[in-house]
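Subject: Structure for you to look at

Hello,

I am passing on a structure that you have not worked with before. Please open it first and then read the notes below it.

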Amino acid sequence: QTVNWPGCGETDIMEMIGGSGREKTTHGTIHWDNNGSHAQYGLGYTLASGTFADEYHVFTIIWDANTIKWYVNDVKFNEADITPDHMTEFHEKFFFIFNLAVGGIWPGNPNASTVFPQQLKVDYIRVFQVN
């Protein structure tokens, strides 16, 4: 069965918007369908110094039947309650997408200040399931 966005749900483990000094902030966000309307909830985490590109970081979510919790380098920065009836998307199967996006609604279209080429370096991905 195919379910369109946002009815399929979306969990952004980490999302960054480049340019203008934003390279030191990451966001953890969920998107879902709330009675036919797009709903979202998220918070950001900003490094005290440097940027995320300076070194590898560990981005983690802990997702159980009640909550999704976001961490950067073992520091929790966001938590969402997924128990309300209108959030059934987060109790279904999900898949991973690794996306180095350029443009879009949030950052806007690339322009003369956009730096190319860009890279997305991933050292490892680990998934655990506790029964």
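**Salt bridge**

K76 and E79 form a salt bridge, with their closest N and O atoms 2.6 Å apart. The term means a side-chain nitrogen of Lys or Arg within 4 Å of a carboxyl oxygen of Asp or Glu. Searching the whole structure gives 1 salt bridge. K76 is partly exposed, at 43% relative accessibility, and E79 is partly exposed as well, at 35%. Here buried means under 20% relative accessible area, exposed means over 50%, and partly exposed lies in between (1.4 Å probe, protein chains only).

**Basis**

The model is predicted: local features need pLDDT of at least 70 and side-chain atom pairs count only at pLDDT 80 or more, while totals for chains, interfaces and linings use all residues. Residues are numbered from 1 along each chain as its sequence is written, and side-chain values use heavy atoms, with hydrogens and water left out.

**Sheet**

An open sheet is formed by 3 strands in the order β1-β2-β3, with antiparallel pairing. Strands are DSSP runs (E, at least two residues), numbered from the N terminus, and two of them pair if DSSP finds at least two bridges between them. The edges are taken by β1 (10-15) and β3 (37-46); each has a single partner strand, so one side of each has no neighbour in the sheet. From one strand to the next, the twist averages 10 degrees, where axes are lines fitted to C-alpha atoms and angles run from 0 to 180 degrees between N-to-C directions. The antiparallel pairing of β1 with β2 (residues 25-34) runs over 4 bridges. D12 stands opposite T29 in β2.

**Aromatic rings**

There are 6 aromatic pairs. Rings of Phe, Tyr and Trp (its six-membered ring) pair if their centres lie within 6.5 Å; planes under 30 degrees apart count as stacked, over 60 as edge-to-face and the rest as tilted. F90 and F94 make a stacked pair, 5.9 Å centre to centre with 20 degrees between the planes. F90 is buried, at 3% relative accessibility, whereas F94 is partly exposed, at 29%. Ring pairs also join W32, W63, F90 and F94 into a cluster.

**Surface patch**

F96, F98, L100, L120, V122, I125 and V127 make a nonpolar surface patch of about 700 Å². Such a patch joins nonpolar side chains (Val, Leu, Ile, Met, Phe, Trp, Tyr) within 5 Å, from residues with over 30% relative accessible area and no salt bridge. I125 lies in the segment after β6 (75-81) and is exposed, with a relative accessible area of 51%.

Regards

Key. Patch = residues over 30% accessible without salt bridge, like charges linked within 9 Å, V, L, I, M, F, W, Y side chains within 5 Å. Areas by Shrake-Rupley, 256 points an atom, 1.4 Å probe, with all protein chains shown as cover.
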